[in-house]
Amino acid sequence: MRVDLLTREYPPDIYGGAGVHVTELVASLRRSIEVQVRCFGAQRDEADTTGYAVPEQLAGANATLSTLGVDLQFAQAVEGANLVHSHTWYANHGGRLAQLLHGIPHVVTAHSLEPLRPWKAEQLGGGYRVSSWVEREAYEAADAVVAVSEGMRRDILRVYPNVDPARTHVIYNGIDLERWQIVDDPDLVRSLGVDPDRPTVIFVGRITRQKGLPYFLRAAAALSPDMQLVLCAGAPDTAEIMAEVTELVRELQRSRDGVIWIDRMLPQPELAALLSAATVFVCPSIYEPLGIVNLEAMACGLPVVATATGGIPEVVENGVTGRLVPIEQAADGTGTPLNPERFVADMAEALTSVVSDRQRAHEQGAAGRMRAQTQFSWSAIADQTLALYRRLVVQ
């Protein structure tokens, strides 16, 4: 069996959870079947992996049109595959066209949903309507839609009621437990400007409305000044969200010390060392289908304080591997907290509670590591994905 996997992100160009998912899934699947990876960007040195550039005629066009230019190349190149599997709207149109052109099954993995990220209109303008159309068409026509959590499956069926529930399948994201584990390297941590001996709250994520960083920064103002705040945050969606975050960080830095902002993507060993040296990981997302960052933190032995939204409650076990922060959200697709002050206060309380009991935090971190090992291994996820492929190809 040959499967062509279509993705925007692939090493070395990874900036989010979807890219991590694809990278690990491909490595596991290639132990059993042929997988041709087709991704955006420059050519890769990796075997059975091809990068595709935006057509010259679309250079400088709206980002969605540039994306569709790559998708057309994907669709042509897929010829000869038994099945095509696309990840995110960036690759969905290539998968849909390949399905029609070559008469093969199309699998879509849902890492997020465009209608639940309306703030992307700030970034894409009218292109947001195009990306939403691409996603809907692909999902409604797909032979199978993979949701990375039960929460994500519910969102798919709510947002796209024409999708057949029988064609939706839950296969979790996973974590590479050999790469993500506790790393005791205080000298490396100090070289990054962080004090490994100080109680620390750490955030890792892109600067986007989805990740909820401004809510955490407001909650941080209520935390004890003894706590160190480490922000591994970059890749802003828009100038507006970057300006908001910058001002909030500056306010914190004026009122307290120990506020460290690392705005570059850290190599995995450095990030693992930072996570291992921290006391608690915070995930203030207002939209999160699952949250690979939570799994990475848990694998490094950290308790997690996270928003009780999307697929997060399927990863973080409240009171066992950390704390879930309750949230009531607007039903208009933005995920905006109906009571942001309460959400911020509850987040500050949960973080204070975890950090103030270091023994309990250590126990929750150990429980998180165990949960990652037993529930989210890539070998199990690859087996489930391969079983789905085989059912579709036989039909």
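Predicted model: local features only at pLDDT ≥ 70, side-chain atom pairs only at ≥ 80, totals over all residues.
Me: Why is Cys-232 called buried?
Reply: Buried means under 20% relative accessible area. Cys-232 comes out at 7% relative accessibility, so it counts as buried. Cys-300 is at 2%, so it counts as buried too.

Me: How do you know that the disulfide count is 0?
Reply: A disulfide needs two cysteine sulfur atoms within 2.5 Å. By this rule the count comes to 0. Take Cys-232: the nearest cysteine sulfur is that of Cys-300, 12 Å away, and Cys-232 is in no disulfide. Looking from the other end, Cys-300 has the sulfur of Cys-232 as its nearest, again at 12 Å, and is in no disulfide.

Me: What makes Asp-48 partly exposed?
Reply: Partly exposed is what falls between buried, under 20%, and exposed, over 50%. Asp-48 sits at 39% relative accessibility, so that's its label. You'll find Asp-48 in the loop between β2 (34–40) and β3 (49–52). Its phi is near 60°, a positive value in a residue other than glycine.

Me: And why is Ala-235 called partly exposed?
Reply: With those cut-offs of 20% and 50%, Ala-235 gets the label because its relative accessibility is 44%. Ala-235 belongs to the loop between β9 (228–234) and α9 (239–255), and its phi is positive as well, about 50°, although it isn't a glycine.

Me: What makes the pair of Phe-40 and Tyr-90 edge-to-face?
Reply: Pairing takes ring centres within 6.5 Å, and edge-to-face takes planes over 60 degrees apart. Phe-40 and Tyr-90 form a pair at 6.5 Å centre to centre, with 85° between the planes, hence edge-to-face. Phe-40 lies in strand β2 and Tyr-90 in helix α3 (residues 89–102), so the pair ties together parts 50 residues apart in sequence. Phe-40 and Tyr-90 are both buried.

Me: Why is the pair of Tyr-52 and Phe-74 called edge-to-face?
Reply: Because the planes must be over 60 degrees apart, and for Tyr-52 and Phe-74 the angle is 90°, with 5.4 Å centre to centre. Tyr-52 is in strand β3 and Phe-74 in helix α2 (residues 63–77), 22 residues apart.

Me: How do you know that the charged end of Arg-8 sits over the ring of Tyr-90?
Reply: The rule asks for CZ of Arg within 6 Å of the ring centre and within 35 degrees of the ring normal. For Arg-8 the distance from the centre of the Tyr-90 ring is 4.3 Å, and its charged end sits over that ring.

Technical notes:
Residues numbered from 1 in each chain as written. Heavy atoms only, no water. Helix = DSSP H or I, 4+ residues; strand = E, 2+ residues; numbered from the N terminus. Buried < 20%, exposed > 50% of the residue type's maximum accessible area, 1.4 Å probe, protein only. Phe/Tyr/Trp six-rings, centres within 6.5 Å; stacked < 30°, edge-to-face > 60°.
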